[in-house]
Amino acid sequence: MKLLIRNVRAVDPQCGLDKVTSILSEDGVITVLGCADAKADRIIDGEGRLVAFPGLFDMHVHFRDPGLTYKEDIYTGAAAALAGGFTGVACMPNTKPVIDNAETINYIKYKSANSGINVYPYGCITKGMQGAELADYEEYKRLGLVAISDDGKPVPNAEIMRQALEKSVENGMLVASHCEDLAIINGGIINKGEVSKKLGVKGMDRASEDYITAREIALAASCDARIHICHVSTYGSVNIIRAAKRDGVKVTCETAPHYFTYTDEKLLSRDADYRMSPPLRTEKDRQAVEDAVADGTIDCIITDHAPHSAEEKADFEKAPNGVVGLETSLAATLTKLYHTGRMTLSQIAQIMSVNPRKILGLPKISIEVGSPCELCIFDPDLEWTVVPEELHSRSKNTVFKGETFKGKNLYTVCRDKVAYEPVRVRTSTDEVNGHKATDVRHYADNSEKVYLEFKPARMPENGDMQWEDWNCFDSVFVYKADYEKLLVPILNKFFPAEDPDPNGWGTQEYFDVCSENWLGADKWKEFIAQLEALKNDLGKEDRMFIDILLPLFRGFLDKSDIICIEGNQ
Ligand SMILES: [Zn+2]
């Protein structure tokens, strides 16, 4: 495809670029700069006002896939990333199972191949993320991993961490550390201070973060390894890192927009959507983090995108920690750091696009002839308000709900296509084929894809199903072409049009797009067997498609006796 982005302010610190120009991409590679009149299949006009950065990169996200896909999966996570201007992410390994083995790594690689963005999984530092025994880094290297982390918690034993750092040097891997000492945290749920006192809840002492940050730096210095400090939130941590950098320790670090935007005052609302780990802290911390981003002590902005369901977030004290962030990161950073005059656009491109790739040792993405064309094209002045229901992420636990920002991503270019662009915004009463607008938005801009939703359930004793009987959801985007070619013929066999009710449950029209079908466990087994049999007759790509789906399908058998499949365009 020939794609022309005309009249756009292209900003790329890697080549000293900051001027209004035109970018021509052919088959996913930039071929000409400054070519406003070129012929193209698709033209985006920046009107001299829109800004283009090399595609953003978030080196710290949780996509919850495999195993926790009711919160997020690789496809919904990728949709959120693309909406936020990201063309690449590195995802943390605290999935279910955790990412410490070839099978899980391959699952993520295959599923990511169709996601539209570049996904780099972290491997666990320790086996099973249990903190006791080092994982197999040679195996990681063979599978193409570039970084390791036990994010979600620290490696408790300092000697094990030291060994991990030593081994990471041998295998050329980055070690990223979640710096919180769990003994010091001791069950605390928000920052320890005035606010925790006022609320009468247990606080997390800031020393928990400062202590492990200092430990990791000392350990990295002792074996001349690289250490990356995750989500810096305290002034203490900032000072320790600044001093270590001055001393020549190979330390890099990151923070998330909520740490330089808000303080723990937000928690006075007793709303668990403001709870994350490490927690929002005091104004002194917020200011220190903002200063450290502006002066370059903090190398990059991440989101720590951590989706949780509304049910999980309902109870202020019992809710899990974490917030989503991919769709608000650029807007929050522009609002807080660019529009206030603290940073230039070029500096923001450096910390949101260039530095994370550099730290991970990934191929450079730039706005130069010959580079893969990955772009985030945004309106720096567009004002908008964050409405959680409009987010692409499956979970809506954003710390920025109701916030008004200045600056918004409009187009994301990745892998030879405009992978994200504004879609018509539907009102919440809008229904499409019986689906609420919030469901439809997930795939409104993916017309060539079909969204399959699986609802495993248990049939209650009296046969009268209620909402609570659905025990989990899972879903997957598949290409419409694959779906029609591979799945529909088999599904039609199971749901012949003349037999509308093969199991006595639910009803069935026809298995085209936008239909709903229910299968009992025996039928489901038969269906899986047919898919397995089909695999042998397929080409490599088609086989891969079936390979991605099979583990998902088999998993349902363990937890359900009915499966409902819905396919939607
Ligand atoms: Zn973490």
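Two strands are taken to pair if DSSP finds at least two bridges between them. In the predicted model described here, strand 1 (residues 2-12) and strand 2 (residues 17-26) meet this criterion, pairing in the antiparallel sense over nine bridges. Within this pairing, Lys2 has Glu26 of strand 2 as its bridge partner. The two strands form a hairpin with four residues between them, and Gly16 in the turn has a positive phi of about 60 degrees. Strand 2 also pairs with strand 3 (residues 29-33), again in the antiparallel sense, over four bridges. Here Leu24 stands opposite Val32 in strand 3. A hairpin with two residues between its strands is formed by strand 2 and strand 3, and its turn contains Asp27, with a positive phi of about 50 degrees.

The protein chain as a whole comprises 16 helices and 24 strands. Of its 569 residues, 48% are buried. Among the contacts in the chain with a separation of 6 or more, 73% are made by residues 24 or more positions apart.

Parallel pairing occurs in an open sheet of three strands, arranged in the order 6-7-8. Strand 6 (56-61) and strand 8 (118-121) stand at the edges of this sheet; each has a single partner strand, so one side of each is left without a neighbour in the sheet. From one strand to the next, the twist averages 15 degrees. Strand 7 (residues 86-91) is joined to strand 8 by four bridges in the parallel sense, and Gly88 has Asn118 of strand 8 as its bridge partner. Helix 1 (residues 74-84) packs on the sheet, where it touches strand 6, strand 7 and strand 8. The direction of helix 1 makes about 135 degrees with that of strand 7.

Helix 1 is largely enclosed by the rest of the structure, because eleven of its eleven residues are buried. Its buried residues include Ile74, Tyr75, Thr76 and Leu82, together with Ala78, Ala79, Ala80, Ala81 and Ala83. Gly77 and Gly84 in helix 1 are likewise buried. The helix is followed by Gly85, whose phi is positive, near 100 degrees.

A second open sheet with parallel pairing contains five strands in the order 9-10-13-14-15. Its edge strands are strand 9 (147-149) and strand 15 (300-301), each of which pairs on one side only. Strand 9 and strand 10 (residues 174-177) are paired in the parallel sense over three bridges. In this pairing, Val175 of strand 10 is the bridge partner of Ile148.

Helix packing is represented by helix 4 (residues 158-170) and helix 7 (residues 207-222), whose axes come within 9 Å and cross at roughly 45 degrees. Angles from 65 to 115 degrees count as roughly perpendicular and those under 35 degrees as roughly parallel; helix 4 and helix 7 are therefore oblique to each other. The crossing of helix 4 past helix 7 is right-handed. Helix 4 contributes Ala158, Met161, Arg162 and Leu165 to the contact, and these residues meet Arg215, Leu219, Ala220 and Ser222 in helix 7. Classified by residue type, the contact of helix 4 with helix 7 has five nonpolar, one polar and two charged residues.

Met204 lies in strand 12 (residues 203-204). A residue counts as buried if 20 or more other C-beta atoms lie within 10 Å of its own; Met204 is therefore buried, with 25 such atoms within 10 Å. Leaving aside residues up to four places away in sequence, Met204 touches Ile185, Gly188, Ile190, Asn191, Lys192 and Pro279. The C-alpha atoms of Met204 and Asn186 are separated by 7.5 Å, the two residues being 18 residues apart along the chain.

Burial also characterises helix 11 (residues 329-338), in which eight of the ten residues are buried, so that this helix is largely enclosed by the rest of the structure. The buried residues of helix 11 are Ser329, Leu330, Ala331, Ala332, Thr333, Leu334, Thr335 and Leu337.

Conventions: Residues are numbered from 1 along each chain as its sequence is written. This is a predicted model: local features need pLDDT of at least 70, side-chain atom pairs count only at pLDDT 80 or more; totals for chains, interfaces and linings use all residues. Axes are lines fitted to C-alpha atoms, for helices over the stretch in contact, and angles run from 0 to 180 degrees between N-to-C directions. Angles under 35 degrees count as roughly parallel, over 145 as roughly antiparallel, 65 to 115 as roughly perpendicular and the rest as oblique. A crossing is left-handed if the near helix is turned anticlockwise from the far one by less than a right angle, and right-handed if clockwise. Two residues are in contact if their C-beta atoms, placed from the backbone, lie within 7 Å. Ala, Val, Leu, Ile, Met, Phe, Trp, Tyr, Cys and Pro count as nonpolar, Asp, Glu, Lys and Arg as charged, and the others, Gly among them, as polar. A residue is buried if 20 or more other C-beta atoms lie within 10 Å of its own, exposed if 12 or fewer, and partly exposed in between; C-beta atoms are placed from the backbone.
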